[in-house]
Amino acid sequence: SVFIENTCQAMLVTTDIEDLLGNPKNFAYNATLVAEVLEQINPRNMLVYVLTRKPNISLPLTEPIYDIKFQNEPIPTELLEAWSSAKPSSQMAFPPANQYIPTNFTVLPLQPSGTSPVELLSGSEAPLWYGRSAQFA
């Protein structure tokens, strides 16, 4: 389409993505619109690109702007039906929630401390001391 061609040409000379897409601050999340778009994505209206580095393949069509050889083939009906009736794979599930991500960001009041470091572990080969920095308190 002309839009895609113009966008591709603009991408060659544009250094800032905002020049192409606009400022992300202006975008609003719309759950209904996202759901409508996702409902339109299905095996019957998708494109599949298969790339190869084999130099001796003869392809019948040539893309006019970039002079790239290609070929169009319909996806077999049996394969489309199999894809349309496929169930989600358990391997594509989200991982379990990370229990180590903090949720409480309350700033605690500063505890009074002495001026000397405190020995936390003693009697080992490497004793452990702790002293709070007055500079970063």
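Predicted model: local features only at pLDDT ≥ 70, side-chain atom pairs only at ≥ 80, totals over all residues.
User: Does Asp 67 count as buried or exposed, and what is its relative accessibility?

Analyst: A residue counts as exposed when its relative accessible area is over 50%. Asp 67 counts as exposed because its relative accessibility is 58%.

User: What is the phi of Asp 67?

Analyst: Most residues other than glycine have a negative phi. Asp 67 is not a glycine, and yet its phi is positive, at about 55°.

User: What pattern of helices and strands does the protein chain follow along the sequence?

Analyst: The protein chain holds 4 helices and 4 strands. Read along the sequence, these elements follow the pattern α-α-α-β-β-α-β-β.

User: What is the radius of gyration of the protein chain?

Analyst: For 137 residues the globule rule gives 14 Å, and the protein chain is well over that value, so it is more spread out than a compact globule. Its C-alpha atoms fill a box of roughly 80 × 45 × 40 Å along the principal axes, and 1% of its 137 residues count as buried. The radius of gyration of the protein chain is 30 Å.

User: Which residues are the closest to the centre of the largest pocket?

Analyst: The largest pocket holds about 890 Å³ of space. Its lining has 15 nonpolar, 3 polar and 5 charged residues. Of the 23 residues that line the largest pocket, the closest to its centre are Val 48, Tyr 49, Val 50, Gln 71 and Asn 72.

Key
Residues numbered from 1 in each chain as written. Heavy atoms only, no water. 1 Å grid on protein atoms, 1.4 Å probe; cavity = no way out; pocket = protein on both sides within 12 Å on 5 of 7 lines; lining within 4 Å. Points joined across faces, edges and corners; volume = space filled by probe spheres on them. Nonpolar A, V, L, I, M, F, W, Y, C, P; charged D, E, K, R; others polar. Buried < 20%, exposed > 50% of the residue type's maximum accessible area, 1.4 Å probe, protein only. Helix = DSSP H or I, 4+ residues; strand = E, 2+ residues; numbered from the N terminus. Rg over C-alpha atoms; globule rule 2.2 N^0.38 Å.
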